[in-house]
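Please look over the sequence and the model below before reading on. The briefing that follows covers aromatic rings, charges over rings, and the packing of helices and strands.

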Amino acid sequence: MLSFAATSQTHFFFLQKPSKVRNPSRPSTAVRSSSSVTEERGKTTPFPGEEALGAKQIPDLKAAKRVVLVRHGQSTWNAEGRIQGSSDFAVLTQKGEAQAETSRQMLIDDSFDVCFSSPLQRSKRTAEIIWDARKEEILTEFDLREIDLYSFQGLLKNEGKAKYGAAYRQWQIDAPNFNIDGHYPVRELWARAKSCWEKILLHESKSILVVAHNAVNQALVATAIGLGTEYFRILLQSNCGVSVLDFTPQPEGGTPNICLNRLNQTPGSPVATGGSGGRKTSKRIILVCHGVSESDLKSSIPYCGDGPMNMLGVIQAQKTAELLLDVKVNTIVSGNKMASVETANSISRVQEAADCLGADCVPRYVETKQIDDLDVETILKQSKKDPSGLQNVQSGWLNRLENETTSSLWDQSQAAWKLLLQELSHGGEEDSVVVAVGHPAAHIAMMGHCLNLTKEWMGSFHLDAGSISVVDFPDGASGRGVIRCINYTAHLGRWSIPITRSTLDDEEF
């Protein structure tokens, strides 16, 4: 009998960079080329039937849809460090049940029309806790099961290393080309994820909850925005982490515009842990979107005013500063815009005060500096188009800007990203955390550079005022960045942006 298995969230090693990927919402977009050695390592050869499995694309839509992905809570095999795969022996631990309950409370006021769940009991139980008293039936979808790892299933990670040696090493460092029992698990998963999207999006519902697993949720996010198997383990999915994707029909028809509204909003703090997917990381960049100012409300381009923060902005900055108490920040870099400087100062004051609560404390100095390359407001104001008003900043609004504007934004943000990497590397081998405060558009572009994408991808990501996004560097500042979270807003409490929105009116959505 064919056995199925899947991965747990550990040993997230990744060495190669992508050579070329395609975004399904755009005709053809190439990623910047990397070194010839890296490209050679990243090449993949089709497995039997891969072309047929991967042929299905995101279907055309007539109405906007929002899909909320949730990974299951901690399972018994997660806690044991055992490779789960698509086996169905593990159940939720007490911690996993508590994580699911926290997610239920996070989503309690959000409206969903339907819930899809993996058939595996750890996900089904998580879905039942979150769905709670809602009357609609939970739909079980077999293709939402976790990645199939075949002979690896059930093994402790040290057992897999001892028994399979080179194969286990390849699973760690070159997962897309990893082969076991005649199968390429990651490539099969990507093909299966594309099939899942067709089933999910063709459902009549507009607001959809999907409860599944680590690897399959990674594949769903990646295939939706057009990223290949080389992005496996780059977009993290923690236990009960929430990710949101918006699908917006195009007026002329065809593949909808797709935007990752947020990634991996977790029940716990996204900065409290010092690891990424089971790997210890000592280098981290935290991208903080500045608080809202009164002049932002009067600007036709989102967040492009240049006045002091209003009361909401002050609250957003203070909440962010409190969240960052879980880490020891080395350097804070911001643009020159008043709201950016004020947000940076709020973080600095709280960081310095945190080390001075005792009677014989020694105040700690947190370096702060401003760099011009984080100021993108002037570029955005040159646009002749009005992408949206601040009152309703929509996902993917950067898609509405002219090519000249996005090119300037992209180039300037590349310079800013290089400066941040330089700041990160100043600490040598020691732990280093750099916080960058600026405009959401600048942070979106810098994440694009981190992921080795091109400017056409900027409309595939969304950030709100007061949000944070976290990039870890397990292999040091010169290594590849791993995205821990994007557009995290749970720390804002009652002032956070809702996960879902009313779908009664497509225009409002």
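In what follows, a residue is called buried when its relative accessible area is under 20%, exposed when it is over 50%, and partly exposed in between, using a 1.4 Å probe and protein chains only. The model is predicted, so local features need pLDDT of at least 70 and side-chain atom pairs count only at pLDDT 80 or more, while totals for chains, interfaces and linings use all residues. Residues are numbered from 1 along each chain as its sequence is written, and side-chain values use heavy atoms, with hydrogens and water left out.

**Aromatic pairs**

- Rings of Phe, Tyr and Trp (its six-membered ring) are taken to pair if their centres lie within 6.5 Å, and planes under 30 degrees apart count as stacked, over 60 as edge-to-face and the rest as tilted; under this rule there are 10 aromatic pairs.
- One of them joins Trp171 and Phe178 in a tilted arrangement, with 5.2 Å centre to centre and 50° between the planes, and both of these residues are buried.
- Trp190 and Phe232 make an edge-to-face pair, at 6.3 Å centre to centre and 85° between the planes.
- Because Trp190 lies in helix α8 (residues 185–201) and Phe232 in the loop between α9 (214–225) and β5 (242–248), this pair ties together parts that are 42 residues apart in sequence; helices (H or I, at least four residues) and strands (E, at least two) are DSSP runs numbered from the N terminus.
- Trp190 is buried at a relative accessible area of 5%, and Phe232 is also buried, at 0%.
- Ring pairs connect Phe152, Tyr164, Tyr168, Trp171, Phe178, Trp190 and Phe232 into a cluster.

**Charges over rings**

- A charge is said to sit over a ring if NZ of Lys or CZ of Arg is within 6 Å of the ring centre and within 35 degrees of the ring normal.
- Arg145 lies over the face of Phe142 at 4.2 Å from the ring centre, and the charged end of Arg480 sits over the ring of Tyr231, 4.9 Å from its centre.

**Helix packing at Ala219**

- Ala219 belongs to helix α9 and is buried, with a relative accessible area of 0%.
- Leaving aside residues up to four places away in sequence, Ala219 touches Leu189, Trp190 and Ala193, where contact means heavy atoms within 4.5 Å.
- Ala219 and Ala193 are 5.9 Å apart in space, C-alpha to C-alpha, although 26 residues separate them in sequence.

**Strands β5 and β6**

- Strands β5 and β6 pair in the antiparallel sense over six bridges, where pairing requires that DSSP finds at least two bridges between two strands.
- Phe247 has Ile258 as its bridge partner in β6.
- In strand β6 (residues 257–265), eight of the nine residues are buried.
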